[in-house]
Amino acid sequence: MKITTIHKLCCPFDKADLKLEIIEQTLDKDIRTGSLTCTECKRFYPIISGIPIMNPDEYRDVEIEDAYYQFLELDKSNHNIENFRLIE
Ligand SMILES: [Zn+2]
């Protein structure tokens, strides 16, 4: 996804700005992997294969997001994810 498109996005819950973290980019600057964090509610939205995953909390997919965290070798507990809920 183009960075100009990502800058047009806002948090779907409170319309607040999102902080972008880029992890992987193509040569033509498309963002392949990264994350968006809401500056207000602190929800964490992964960008997987160029697609920001911005589903409502009840529709977030644990398996996709866990694969993302494993790919990045991240421990979810290291993130500020207050108000973030996963489907069990
Ligand atoms: Zn928010």
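**Exercise 1. Determine what share of the contacts in the protein chain with a separation of 6 or more joins residues 24 or more positions apart, and state how many of its residues count as buried in percentage terms.**

Solution. Residues 24 or more positions apart account for 43% of the contacts in the protein chain with a separation of 6 or more. Two residues are in contact if their C-beta atoms, placed from the backbone, lie within 7 Å. Of the 88 residues, 14% count as buried. A residue is termed buried if 20 or more other C-beta atoms lie within 10 Å of its own, exposed if 12 or fewer, and partly exposed in between, with C-beta atoms placed from the backbone.

The model is a predicted one, in which local features need pLDDT of at least 70 and side-chain atom pairs count only at pLDDT 80 or more, while totals for chains, interfaces and linings use all residues. Residue numbers start from 1 along each chain as its sequence is written.

**Exercise 2. List the secondary structure elements in sequence order and describe how the strands are arranged.**

Solution. Begin with the elements. The protein chain has 2 helices and 4 strands, in the pattern α-β-β-β-β-α along the sequence. Helices (H or I, at least four residues) and strands (E, at least two) are DSSP runs, numbered from the N terminus.

Next, arrange the strands. They form an open sheet of 4 strands with the order β1-β2-β3-β4 and antiparallel pairing; two strands pair if DSSP finds at least two bridges between them. The edge strands are β1 and β4 (51–52), each of which pairs on one side only.

**Exercise 3. Work through the sheet pair by pair, giving the bridges and the residue with positive phi in each hairpin.**

Solution. 

1. β1 (residues 18–25) and β2 (residues 31–38) pair in the antiparallel sense over 7 bridges. Within this pairing, L18 has C38 as its bridge partner, and L20 has L36. The hairpin has 5 residues between the strands, and K29 takes a positive phi near 75° there.
2. β2 and β3 are antiparallel and share 4 bridges. S35 stands opposite P46 in β3. This hairpin also has 5 residues between the strands, with K42 at a positive phi near 70°.
3. β3 and β4 run antiparallel and are joined by 2 bridges. I47 has P52 in β4 as its bridge partner. The hairpin has 2 residues between the strands, and S49 takes a positive phi near 50°.

**Exercise 4. Classify T4, K15, S49 and A67 as exposed or partly exposed, and locate each one.**

Solution. 

1. T4 lies in helix α1 (residues 3–6). T4 counts as exposed because 8 C-beta neighbours lie inside 10 Å. The C-alpha atoms of T4 and D30 are 9.5 Å apart in space, although the two residues are 26 apart in sequence.
2. K15 is in the loop between α1 and β1 and has a positive phi of about 60° although it is not a glycine. With 9 other C-beta atoms within 10 Å, K15 is therefore exposed.
3. S49 sits in the loop between β3 and β4; S49 is not a glycine either, yet has a positive phi of about 50°. S49 counts as exposed because it has 10 C-beta neighbours inside 10 Å.
4. A67 belongs to helix α2 (residues 62–72). A67 is partly exposed because 13 other C-beta atoms lie within 10 Å. A67 and I48 are 19 residues apart in sequence and 9.9 Å apart in space, C-alpha to C-alpha.
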